[in-house]
Amino acid sequence: MTPELTPRGPVSGALLTALATDQHPESAAMRVVVDETERALAGADDLLTDEDLQLSLYIAYGLSYGDTVDADDEWEWDPQLVLARRRIERAVEAQLRERIPLDDLPEPDAESVAAYLFALTAEDGGPSLSRYIAKKATDEQAREFVIQRSIYTRKEADPHSWAIPRLTGRAKAALVEVQSDEYGGGRPQRIHAEIFGRTMRGLGLDDTYGAYVDVVPAITLASFTTMSMFGLNRSLRGAIAGHLAAFEMTSSIPNRFYGNGFRRLGYDADVTDYYDEHVEADAVHEQIAGRDLAGGLAEQHPELLPDIVLGAKACLYVDGLAGAHMLQSWEAGRSSLRSRERVPA
């Protein structure tokens, strides 16, 4: 059963109201969504932390992913809904481009791009969420961490998979190789999203996709919607390649710390298997994604190099904000969630 979503403002409220009707594609209710979107964007400051607009993007993308909102499948390509989504996307993309400098591009060859990305992801990003989980996190905080990460991880690999038909040659082969592992290499029980589901159940959490959407903040949604925006738009295929490369390059060591943190708290392999799996897998994936995917794409299409770097830096920037939110909340003695009412004790 798809969890019920609670609006966070006029745009998400109008969108959920429209999706509850069957009057597409000429729905007056969906035209209201476009009008509300225009008004919201005119008054928005930080789009990554805008609760209403981030939830609206999450819902719009959910129509393509499935299991997100109860709505007729025909809504996915409703012209008015796509118009509202594209206006939010353009604003988010513009804000990311404004905030992320691209003045230090490498040469457009595989080795230069890979070396650049490894150097970029090795830079000290400040306080470490993974080390906090390993050494300090309480049981409640560790469970909050899993709830926050469930928004992406229960759909793990899907945002990046949108790029497969948009690539060719070396880059395409590299992406398929990485994604095959993410989807279990033909073994359904080893699909990473399913392994994470077992982690959630081992913690007494609901592994239904989207079960905790109402309790996570906008910046958590932004981590998922940013990669979804890159993956779902062919014009941003360079960005999704760079995003995946950075994502894989910053995964292996943190996952070792996460696994150790849950072991410290007394949990067994049902909970730690997901993190242990990624220690080895992502150490391999980072090489493929850096050289063959991102580097190979830059060699094939040098004009996409700025977007490859944008995607990598956006991954670090947005995920860094999401991690910083959790750390700052816990260090201040408060929950990182919007509410704990829907979280089992």
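Helices (H or I, at least four residues) and strands (E, at least two) are DSSP runs, numbered from the N terminus. With that settled, I looked up Met227 and found it in helix H11 (residues 218-232).

**Ground rules**

I am working with a predicted model, where local features need pLDDT of at least 70 and side-chain atom pairs count only at pLDDT 80 or more, while totals for chains, interfaces and linings use all residues. Residues are numbered from 1 along each chain as its sequence is written, and side-chain values use heavy atoms, with hydrogens and water left out.

**Entry on Met227**

I then listed its contacts (heavy atoms within 4.5 Å). Setting aside neighbours within four places in sequence, Met227 touches Tyr152, Pro159, His160, Ile240, His243 and Phe247.

**Entry on the whole chain**

I counted 15 helices and 0 strands in the protein chain. Its radius of gyration is 20 Å, close to the 20 Å that the globule rule gives for 345 residues, so the chain is as compact as a globular protein of that length. For my own reference, that radius is taken over C-alpha atoms, and the rule is 2.2 Å times the number of residues to the power 0.38. Along the principal axes, the C-alpha atoms fill a box of roughly 50 × 50 × 40 Å. Of the 345 residues, 56% are buried. Among contacts between residues at least 6 apart in sequence, 80% join residues at least 24 apart.

Two packed helices are described by the angle between their axes and the distance between the axes. Here axes are lines fitted to C-alpha atoms, for helices over the stretch in contact, and angles run from 0 to 180 degrees between N-to-C directions.

I began with helix H2 (residues 28-43) and helix H4 (residues 79-99), whose axes come within 8 Å and cross at roughly 15°. H2 and H4 are therefore roughly parallel (angles under 35 degrees; over 145 is roughly antiparallel, 65 to 115 roughly perpendicular and the rest oblique). From H2 the contact includes Met30, Val33 and Leu41, and from H4 it includes Leu81, Arg87 and Ile88. The contact residues divide into 9 nonpolar, 2 polar and 3 charged (Ala, Val, Leu, Ile, Met, Phe, Trp, Tyr, Cys and Pro count as nonpolar, Asp, Glu, Lys and Arg as charged, and the others, Gly among them, as polar).

I then turned back to H11. The axes of H4 and H11 come within 11 Å and cross at roughly 110°, and the two helices are therefore roughly perpendicular. On the H4 side I noted Arg85, Glu89, Val92, Glu93 and Leu96, which meet Thr226, Met229, Phe230 and Leu232 of H11. This contact divides into 5 nonpolar, 1 polar and 3 charged residues.

**Entry on phi**

Most residues other than glycine have a negative phi. I found a positive phi near 60° at Asp67, in the loop between helix H3 (51-65) and H4. Asp67 is exposed, at 52% relative accessibility. Ala157 also has a positive phi, near 85°, and lies in the loop between helix H7 (139-153) and helix H8 (158-161). Ala157 is buried, at 1% relative accessibility.

Key
Buried means under 20% relative accessible area, exposed over 50%, partly exposed in between (1.4 Å probe, protein chains only).
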